[in-house]
Each structure stands twice: as structure tokens, then as C-alpha cells.
Amino acid sequence: MKSFLTFLLAMGIIVTLGDAYCFTKINKPGESDKGCVLDGKVYPFGHISRTDDCFRCTCTQSQISCCSLFHTPVGYDKEKCKIVFNKRSCNYDVVEKNDPSKECFVHSRVG
């Protein structure tokens with residue numbers, strides 16, 4: 001029984017970490033010979049571990065493909081709490097509206 005519960009916990013973590021928001025942007029011809037342009041910034045060809053806006057990307061001469069490093073909270077007390085994006089940690093903090101120093105419990109997140 002313990003092995004089964006451990007398996008379920010591991011699968012829950014994997015599914016949560018695998019659920020990311022992704023997009024692809026086709027490069028315009030002649031836009032940049034040095035890399036891919038995303039939000040006005042040129043990123044070099046190859047793997048980009050973290051952009052300024054918290055995405056992990058792969059840049060080729062034809063396109064840039066990115067996936068978010070963050071998950072958006074959806075299961076929390078929306079009347080008592082609010083979400084605030086933290087660029088340093090690339091994550092959303094869920095805090096009390098009346099006292100932002102107190103964190104709120106989050107039941108679920110989506111990519």
C-alpha cells in the first residue's frame with residue numbers, strides 16, 4: 001500500500017511539473033541574424049534557460065519555442081486572497097488582500 005501511495009504522489013508531482021503554458025513564434029525574415037527577438041530583446045540561438053519574463057526557450061533560425069517556468073494559481077480563496085507575480089522566483093505568490101505578508105493556501109495551479 002505504501003508503494004502505491006508513493007507512486008501516486010510521484011505521478012501527481014510529475015503531472016503538475018509537466019503542465020506548462022507553451023507557444024511558438026516564427027522569426028520574420030531578416031529580423032535578426034544573431035538570434036530570436038522576443039518582447040523586443042534578442043536571445044541567442046540555442047537553449048535559453050530563462051528569459052526576462054520567466055520562459056524556457058529554444059531559439060532556431062526559423063522560430064523560437066518557449067514554455068513557462070510558472071503555473072497560475074486557480075484553486076484558492078479569491079475573496080480573501082490575491083495573486084502577485086514574483087519575477088525573481090518566476091512564480092505567483094498568493095497572499096491575503098488585507099495582509100500581503102501572509103500567504104494563502106493554494107489547492108491547484110494550471111500552466
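A residue is called buried when its relative accessible area is under 20%, exposed when this value is over 50%, and partly exposed in between, with a 1.4 Å probe and protein chains only. By this rule, Cys 81 is buried, and so is Cys 104. The structure is a predicted model, in which local features need pLDDT of at least 70 and side-chain atom pairs count only at pLDDT 80 or more, while totals for chains, interfaces and linings use all residues. Residues are numbered from 1 along each chain as its sequence is written, and side-chain values use heavy atoms, with hydrogens and water left out.

Cys 81 and Cys 104 are joined by a disulfide, with an S to S distance of 2.0 Å, where a disulfide is a pair of cysteine sulfur atoms within 2.5 Å. The torsion about the S-S bond of this pair is about -90 degrees, so the disulfide is left-handed. The link connects distant parts of the chain, 23 residues apart, since Cys 81 belongs to strand β8 (residues 81-86) and Cys 104 to the loop between β9 (91-96) and β10 (108-110); strands (E, at least two residues) are DSSP runs numbered from the N terminus.

Cys 22 lies in strand β1 (residues 22-26) and Cys 67 in strand β6, so the pair ties together parts that are 45 residues apart in sequence. Cys 22 is partly exposed, at a relative accessible area of 43%, and Cys 67 is also partly exposed, at 30%.

A further disulfide is formed by Cys 57 and Cys 66, whose sulfur atoms are 2.0 Å apart; both Cys 57 and Cys 66 are buried. Leaving aside neighbours within four places in sequence, Cys 66 is in contact (heavy atoms within 4.5 Å) with residues including Tyr 21, Phe 23, Leu 38 and Phe 55.

A nonpolar core is a set of buried Ala, Val, Leu, Ile, Met, Phe, Trp, Tyr and Cys residues joined through side-chain atoms within 4.5 Å. The largest such core has 13 residues, and those with the most contacts inside it are Leu 38, Ile 48, Cys 57, Ile 64 and Cys 66. Strands β2 (35-38), β5 (55-59) and β6 (63-68) each supply at least two residues of this core, and the largest share, three residues, comes from β5. Apart from it lies another core of five residues, among them Tyr 76, Cys 81, Cys 104 and Val 106.

Conventions:
Helices (H or I, at least four residues) and strands (E, at least two) are DSSP runs, numbered from the N terminus.
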